[in-house]
Amino acid sequence: ENTRRIIEKEDRLLSYTTRVPYYPLVVDRAKGSHVWDVEGNEFIDLLASAAVINVGHNHEKVLEAVHEQVDRFIHYTPAYMYHVPHTKLAEKLVEITPGDFEKRVAFALSGSASVDGAIKAARSYTGRNHIVSFYHSYHGTTIGSLSVSGYGSDMRKGMGSLVPDVHFIPFPDSYRGKRTEECLESFRELITMIVPAESIAAVIYEPIQGDAGILIPEQAFYIEVEKICRENGILLIADEVHTGFGRTGAMFASELFHIDPDIIVLGKAIAAGMPLSAIVGRKEIMEAWHTPVHFFNTAGNPVSCAAATASIEVIEEEHLLENAVTVGNYMMERFKDMMTRHECIGDVRGSGLMIGVDIVKNRESKERDVQTTAKICYRCWEKGVILAFFSGCVLRVEPPLTMTMEEAKDALDIVEASITDVEN
Ligand code: PMP
């Protein structure tokens with residue numbers, strides 16, 4: 001049959017490292033919160049292409065912008081020429097990102113490459129080498145972004161020397177007992193014992209750690225991190241590749257914690273699925289480096305830029321931040337209610353439509369139940385819901401921000417039925 005043939009062919013052709021498939025789903029088309037496979041089966045999408053499709057699949061306004069631009073011209077490198085979609089998007093990004101100061105934008109093609117850009121800009125501006133990052137963080141797979149990722153030593157195996165002078169400290173995890181004060185103490189200790197504060201260029205962080213399984217620090221954590229940084233001329237780099245563009249119910253998660261980062265890294269949902277990423281930073285930082293230290297020939301592609309501007313307008317015009325909060329709260333309540341019937345749910349946490357449901361063997365020990373988690377996702381797929389997980393045992397509930405209450409209800413009915421099936 002179709003699916004089997006395609007998957008066999010993929011297995012013969014594609015490097016394993018680019019793929020971690022959960023179930024044999026060959027996507028044929030998608031619209032809004034729905035996906036159809038090549039067999040004609042329909043799914044409700046709780047994954048949104050890994051938090052990329054915030055405005056829903058193939059939104060009419062995005063399609064129009066893409067078609068209109070494709071008919072004009074597909075690309076001309078902004079290194080040598082100017083084009084309107086590029087300028088228009090930069091203007092929009094400067095306007096909507098946190099921070100009431102003059103900014104500059106630099107585009108790239110992936111979150112990873114933009115993380116590299118943030119590191120380069122921070123080092124170049126401060127004249128300092130050292131970067132502080134966090135355990136469990138995911139920042140990407142280029143050599144630079146891999147070097148600041150604390151996501152697992154497997155990622156680093158066989159890679160040889162990575163970028164030097166990167167240090168890791170723990171990130172707060174209220175569920176599994178990593179306290180705020182403990183993490184702050186590690187930061188202070190790093191500065192006292194290992195790296196003088198005046199050698200540290202930046203702290204890079206995900207405002208809410210995503211791939212780590214949705215870890216949401218308390219405000220007190222960021223108040224103190226920001227204080228240490230400001231007192232010592234250390235830049236704050238917020239990696240909002242995952243949290244950006246309304247995912248958490250705010251346009252950017254930095255707003256939830258009242259932080260104006262010096263550099264903000266954007267990707268994933270920025271262009272509704274078209275390839276694009278960006279860094280937006282303080283003017284003086286973004287002008288302290290030389291040409292062409294952060295340049296990519298096809299970055300700032302006009303079709304991607306047009307899609308991005310249209311997508312941001314959709315978020316604004318359709319009040320998707322409000323919808324993310326309303327539908328997100330409903331979903332979190334439903335999962336909390338499920339906890340009364342399903343022992344395997346250890347914790348439910350989230351902000352907006354960035355929700356994690358922790359699956360454990362035992363609520364006391366909080367031991368991760370990796371097998372049950374994978375089985376729940378597989379059963380959901382069999383029943384018509386696309387659900388994935390991260391951190392081994394955290395169901396990743398991140399649908400398009402356009403999801404309606406009815407769709408959310410239908411999806412969660414299936415998720416609960418799947419949990420029941422797996423338990424029995
Ligand atoms: N930063 C964060 C926080 C991410 O979640 C990701 C992707 N999961 C990246 C960076 C890397 O983005 P990309 O895969 O587009 O390189």
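In α14, the residues A408, A411, L412, I414, V415, S418, I419 and V422 are buried, where buried means 20 or more other C-beta atoms within 10 Å of a residue's own, exposed means 12 or fewer, and C-beta atoms are placed from the backbone. These residues sit on the same side of α14 because they cover an arc of only 160° around the axis, judged by the directions from the helix axis to the C-beta atoms. M405 and E406, on the other side of α14, are exposed.

This is a predicted model: local features need pLDDT of at least 70, side-chain atom pairs count only at pLDDT 80 or more, and totals for chains, interfaces and linings use all residues. Residues are numbered from 1 along each chain as its sequence is written.

Helices (H or I, at least four residues) and strands (E, at least two) are DSSP runs, numbered from the N terminus.

Now for the wider view. The protein is divided into domain 1 (2-55 + 319-423) and domain 2 (61-317), with bounds from an automatic or database domain assignment. Their centres, taken over C-alpha atoms, are 26 Å apart. Domain 1 brings 27 residues to the contact and domain 2 brings 26 residues. On the side of domain 1 that touches domain 2, α12 gives the most, with five residues.

Key:
Two residues are in contact if their C-beta atoms, placed from the backbone, lie within 7 Å.
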